Amino acid sequence: MGNDRYPKMDRVHRAKQFMPFDALKGFREALLEQECPHIPRKILSEDRKEELDAKLRQIHRKDVITAEYFQDGAYVQVTGEVSKIDETARGIQVAGRFIPFADISDLQGKEIQ
């Protein structure tokens, strides 16, 4: 006679019993964050700031550009269509991302010289 006290468990439920338990919520994410070194923000010269300002003035809505900018301790690049240039909020919307002018370190595109 078999052991009928416990019904047979399907594989999915049985495998869940042996999944790792995350006793310290957020600890794994904190370790991953430690592995990614934070890069200090570049200090741009006045000449470089003027050059970027001139490039920003050349950009129009619907232009496709590549913007390099500082975000969360790293430099990121995004390429896409410019949907908004907001002088009041001091930023540009590229591929759905709002990028503050102060965070931009480089701009490239066909329309930019």
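Predicted model: local features only at pLDDT ≥ 70, side-chain atom pairs only at ≥ 80, totals over all residues.
Residues are numbered from 1 along each chain as its sequence is written, and side-chain values use heavy atoms, with hydrogens and water left out.

Let's start with the sheet. Its five strands form an open sheet in the order β4-β3-β2-β1-β5, with antiparallel pairing; two strands pair if DSSP finds at least two bridges between them. β4 (97–100) and β5 stand at the edges with a single partner strand each, so one side of each is left without a neighbour in the sheet. On average, neighbouring strands are turned by 45° against each other, direction ignored. Further in, eight bridges join the antiparallel strands β1 and β2, and Glu68 has Gln77 in β2 as its bridge partner.

α3 lies across β3 and β5, running at about 45° to β5. Here axes are lines fitted to C-alpha atoms, for helices over the stretch in contact, and angles run from 0 to 180 degrees between N-to-C directions; contact means heavy atoms within 4.5 Å.

What does the largest nonpolar core contain? It has 15 residues, and those with the most contacts inside it are Ile59, Ile65, Ile92, Ile99, Ile104 and Leu107. Such a core is a set of buried Ala, Val, Leu, Ile, Met, Phe, Trp, Tyr and Cys residues joined through side-chain atoms within 4.5 Å. α3 (46–58), β1 (64–71), β2 (74–86), β3 (91–94) and β5 (104–109) each supply at least two of its residues, with the largest share, three residues, coming from β1. Not counting residues up to four places away in sequence, Ile104 touches Leu44, Leu52, Leu56, Glu68, Tyr69, Ile92 and Ile99.

Two loop residues deserve a look as well. Most residues other than glycine have a negative phi. Lys62, in the loop between α3 and β1, has a positive phi of about 80° and is exposed, with a relative accessible area of 56%. Arg90, in the loop between β2 and β3, has a positive phi of about 55° and counts as partly exposed at 49% relative accessibility. Buried means under 20% relative accessible area, exposed over 50%, and partly exposed in between (1.4 Å probe, protein chains only).

Key. Helix = DSSP H or I, 4+ residues; strand = E, 2+ residues; numbered from the N terminus.
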